[in-house]
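Trainee: I'd like to learn how to read a structure like this one. Could you take me through it feature by feature?

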Amino acid sequence: MGARVGRVVIATVASLMWLGGCETQTKLGDLLQSKSDQPKSDAADGFPSVNPDAEPKSTGSVLPPPGAQPDAVPKGLVGNDPHDDLNLGKKHFRAANFGLAETYFRRSVELHPRDLESWVGLAASYDRLRRFDLADRAYDQAAKIGGPAAELLNNWGYSYMLRGDYRRARETLLKARALEPGNPYVKNNLELLEASFREGRAVQ
């Protein structure tokens, strides 16, 4: 009788442990799978997360402002780990290692295809590598996710300046200024555009 009770207790404990393991896997699987199905959130950290005084005034690296959370990525999955692809991309971009930045931003968008911050970082990296065809595709994807925000249009306008396409640069930067008249990056890029146009050369 005692042996029989012991076998029942062991079987019950084993079943509970197995079910507990299944529940944990299901929850983790649901968490990872649901990130592409979640609605857009409105909270975010801006990129780049460095001292603004250290950033150049005219740049194609002005990324989404606070309030433009990467779409459909739950808080904690992207951006909080200093060694994740997004943060490594930012680190290499700030260090002017644009090839490595492109690699990490590309890996980030492959893992999180609705992450706005990663797409904008990838586009800016392509700009610096002078792969403007790929930059346009990345900017276009970012616009589909986050809409035509002033910061995105500023970056795209700067991209056109790098190519020497003054007409499209001006059109894009004026759209950015219309959305955010006081944006200092847009203002400085418009001034840089005028100077580049007068000198007849693309921005370096």
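Trainee: Let's start with one side chain. Which residues does Trp 119 touch, not counting residues up to four places away in sequence?

Mentor: Keep in mind that this is a predicted model. Leaving out residues up to four places away in sequence, Trp 119 touches Val 109, Pro 113, Ala 138, Gln 141, Ala 142 and Ile 145.

Trainee: How do I place that in a wider picture? Which residues have the most contacts inside the largest nonpolar core?

Mentor: The general idea is that in soluble globular proteins, nonpolar side chains tend to be buried together. Here the largest nonpolar core has 34 residues, and Trp 119, Leu 122 and Leu 193 are those with the most contacts inside it. Two or more residues come from each of H2 (85-94), H3 (98-111), H4 (116-128), H5 (132-146), H6, H7 and H8 (184-199).

Trainee: And the chain as a whole? How many helices and strands does the chain have?

Mentor: Count eight helices and zero strands. Read from the N terminus on, the order is α-α-α-α-α-α-α-α. Of the 204 residues, 41% count as buried. Among contacts between residues at least 6 apart in sequence, 60% join residues at least 24 apart.

Trainee: Now the packing of helices. At what angle do H6 and H7 pack?

Mentor: To read a helix pair, take the angle, then the axis distance, then the residues that meet. Helix H6 (residues 150-163) and helix H7 (residues 166-179) pack at about 160 degrees, with axes 8 Å apart. An angle over 145 degrees counts as roughly antiparallel, so H6 is roughly antiparallel to H7. H6 passes H7 in a left-handed crossing.

Trainee: Which residues of H6 and H7 make the contact?

Mentor: From H6 come Ala 150, Leu 153, Asn 154, Trp 156, Gly 157, Tyr 160 and Met 161, and from H7 come Arg 168, Ala 169, Thr 172, Leu 173, Lys 175, Ala 176 and Leu 179. By class, this contact of H6 with H7 has nine nonpolar, three polar and two charged residues.

Trainee: Let me carry on along the chain. How do the axes of H7 and H8 cross?

Mentor: The axes of H7 and H8 come within 10 Å and cross at roughly 160 degrees. H7 and H8 are therefore roughly antiparallel to each other, and H7 passes H8 in a left-handed crossing. On the H7 side you find Tyr 166, Ala 169, Arg 170, Leu 173, Leu 174, Ala 176 and Arg 177, which meet Val 186, Asn 189, Leu 190, Leu 193, Glu 194, Ser 196 and Phe 197 in H8. The residues of this contact of H7 with H8 divide into nine nonpolar, two polar and three charged. You have met Leu 193 already, as one of the residues with the most contacts inside the largest nonpolar core.

Trainee: And how do H5 and H6 pack?

Mentor: H5 and H6 pack at an angle of about 165 degrees, with their axes 11 Å apart. That makes H5 and H6 roughly antiparallel to each other, and their crossing is left-handed. Among the H5 residues in this contact are Phe 132, Tyr 139 and Ala 142, while the H6 residues include Leu 152, Trp 156 and Tyr 160. Ala 142 is also one of the residues that Trp 119 touches.

Trainee: What about H2: how many of its residues are buried?

Mentor: Eight of the 10 residues in H2 are buried, which leaves this helix mostly covered. The buried residues include Leu 86, Leu 88 and Phe 93, and also Asp 85, Lys 90 and His 92. H3 and H4 are among what covers them.

Trainee: Last, backbone angles. Which residues have a positive phi although they are not glycine?

Mentor: Two cases to look at are Ala 96, with a phi of about 65 degrees, and Arg 130, with a phi of about 60 degrees. Ala 96 sits in the loop between H2 and H3, and Arg 130 in the loop between H4 and H5. Ala 96 is partly exposed, with a relative accessible area of 46%, and Arg 130 is likewise partly exposed, at 47%.

Trainee: Where is Asn 97 found?

Mentor: Asn 97 is also in the loop between H2 and H3, and is partly exposed at 34% relative accessible area. Its C-alpha atom is separated by 9.9 Å from that of Leu 129, 32 residues apart along the chain.

Notes:
Residues numbered from 1 in each chain as written. Predicted model: local features only at pLDDT ≥ 70, side-chain atom pairs only at ≥ 80, totals over all residues. Heavy atoms only, no water. Axes fitted to C-alpha atoms, helices over the stretch in contact; angles between N-to-C directions. Helix = DSSP H or I, 4+ residues; strand = E, 2+ residues; numbered from the N terminus. Parallel < 35°, antiparallel > 145°, perpendicular 65-115°, else oblique. Left-handed = near helix turned anticlockwise from the far one by under 90°. Contact = heavy atoms within 4.5 Å. Nonpolar A, V, L, I, M, F, W, Y, C, P; charged D, E, K, R; others polar. Core = buried A, V, L, I, M, F, W, Y, C linked by side-chain atoms within 4.5 Å. Buried < 20%, exposed > 50% of the residue type's maximum accessible area, 1.4 Å probe, protein only.
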